[in-house]
Amino acid sequence: MKLDRLLYNPHRMADFYMEALTALGALCERTWHDRLEVVAEGEAARLWNRDGAFHEVELWFPPSDAPAPREAAKEVFPGCPLTFLIADALRPVPLTLQRAILVGERGVQAPLPAIAEKLWRVQFPDTARWQMTGPFRRDYHFSLMALVRCEIQAIDQHWSLRRVAVSMPDGNRDDSVAQDWDLAKLEAASTEEVPWPSREPTRWREWLQRALEVDLALELVSIRNRQEQYLRRELDRVDQYFEHYQQELGQRNPRSATEAARTKSADRLAAARAEHARRRADQVARHEIHVHGHIDSLVLIAESAWRASVKFDSSRQQWTGSALFIPRSRRWARTEMAGASV
C-alpha cells in the first residue's frame with residue numbers, strides 16, 4: 001500500500017526539524033517563522049560532519065516556489081538531502097520489533113460448519129470433499145507489517161512510503177491489515193499470554209521482499225518503459241557512430257600499400273569493435289533500475305482466530321491437519337497440513 005505524499009509546508013517542516021534535531025541532541029531555536037538556529041555536536045552534528053564535530057547553522061525554510069537557487073547546506077526544500085539524513089538518524093539501529101494485539105473479534109462466535117465450508121470452497125475452489133474433524137477452538141493469528149521507504153534509482157529518482165503486511169506462517173500478502181491500520185484498535189495490555197512466534201529474520205525478509213515486489217510492480221512498469229526508450233535511443237546513437245567509423249576503416253584497408261599498414265588498419269578495426277561492445281555494455285549498466293527498501297518500523301500483529309481440524313481432497317491428494325479461520329477477513333489459513341495420495 002502506497003501512502004499519500006504530504007504536501008510541502010515550510011512551517012510544518014520547520015516544526016519537524018526542530019523536534020527531530022532536538023531528539024538527536026541538538027539545541028534549536030526558531031529565530032523567525034521560516035528560520036531555525038541549530039547548534040549541534042556529536043550524533044546530531046554527523047548530519048553535516050562525519051566526525052561529529054561542533055556545527056552551527058541557521059536553516060531556512062523557503063516556499064517551494066521560491067525562484068532563487070537552492071543551497072542544500074542551509075536551505076530545506078522538497079527532496080532536501082538533509083531530510084533523508086534525519087529520517088535515517090531517527091531510525092533505531094538495530095530495528096526494534098514492536099508487538100500489537102488487535103481488539104474486536106473476541107466476542108464473535110465461531111462460524112457454523114456449513115458457512116465455514118462455503119468460505120473454504122470459495123477460497124480454495126479445487127477442493128473436492130471437505131469435512132471438519134473437530135470443533136472450533138480459540139487461537140491467535142499473526143501478521144507481520146513493515147513501513148518501508150522505497151528508493152527507485154532510474155533516470156529520475158523516485159521515493160515512496162509504503163506499508164506492506166504478510167500473513168503468518170504462509171507469508172501471503174494481507175492488504176487489509178496494511179490498508180486499515182490507521183483505523184485499527186489495539187489493546188493497551190493483554191490479560192492473557194499470547195504465544196508470539198519466534199523471530200525468523202531470513203524468512204521474514206523473503207516474505208516482505210516478495211510482498212514489496214508485488215506492490216511496486218505497477219509503478220515499475222512505467223519506469224521500465226521509459227528506461228527502455230532512453231536506452232534504445234542511446235544504443236542507436238552508439239551503433240550509428242561505430243558503424244560509420246568501422247565502414248571508414250574498412251574502406252582504408254584495401255588502399256593500404258604495405259603489409260604493416262594493413263595490419264595497423266586491422267588492429268584499429270578490432271579495437272573499434274571492442275570499444276563498441278564496451279560502450280553498449282556501459283549504456284545498459286547506466287540504464288539499469290535499482291530498487292532499495294529501507295524498513296523504518298516492523299510490527300508483529302496478533303488477532304483472535306478460530307482453529308479447527310479439517311480433512312479435504314485436493315489435486316488427487318487427501319489432506320488432513322489444522323487450519324485457522326480469521327474472522328476479520330473471513331478467510332482460512334492452512335497452517336499445519338499433511339497430504340497423502342488417493
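1. Let's start with Phe 77, which comes out as buried because its relative accessible area is 15% (buried is under 20%, exposed over 50%, partly exposed in between, using a 1.4 Å probe and protein chains only). Bear in mind that this is a predicted model, with pLDDT of at least 70 needed for local features and 80 or more for side-chain atom pairs, while totals for chains, interfaces and linings use all residues. Numbering runs from 1 along each chain as its sequence is written, and side-chain values use heavy atoms, with hydrogens and water left out.

2. Phe 77 sits in the loop between β3 and α2 (elements are DSSP runs numbered from the N terminus: helices H or I of at least four residues, strands E of at least two). Leaving aside residues up to four places away in sequence, Phe 77 touches Tyr 8, Arg 70 and Ala 72 (contact is heavy atoms within 4.5 Å). Arg 173 is 96 residues from Phe 77 in sequence, and their C-alpha atoms are 35 Å apart.

3. Glu 75 is also worth a look: the loop between β3 and α2 holds this residue, and at 9% relative accessibility Glu 75 is counted as buried. What does Glu 75 touch, once residues up to four places away in sequence are set aside? The list is Trp 60, Pro 62, Pro 69, Arg 70 and Cys 80. Arg 70 turns up in the contacts of Glu 75 and in those of Phe 77.

4. On to the sheet: three strands make an open sheet in the order β1-β2-β3, paired antiparallel (pairing takes at least two DSSP bridges).

5. β1 and β2 (residues 35-40) run antiparallel and are joined by four bridges. Cys 28 has Val 38 of β2 as its bridge partner.

6. Further along, β6 and β7 form a hairpin, with three residues between the strands. This antiparallel pair is joined by 12 bridges, and Glu 151 stands opposite Trp 159 of β7.

7. At least two lining residues come from each of α1, α2 (81-90), β6 (137-153), β7 (157-168) and β8 (290-314). β7 is the biggest contributor, with five.

8. Which residues lie nearest the centre of the second largest pocket? Of its 22 lining residues, they are Trp 204, Arg 205, Leu 208, Gln 209 and Ile 295. The volume here is about 570 Å³ (the space filled by probe spheres set on the grid points, which are joined across faces, edges and corners). The elements supplying two or more lining residues are α5 (201-252) and β8, and α5 has the largest share at nine residues.

Notes: 1 Å grid on protein atoms, 1.4 Å probe; cavity = no way out; pocket = protein on both sides within 12 Å on 5 of 7 lines; lining within 4 Å.
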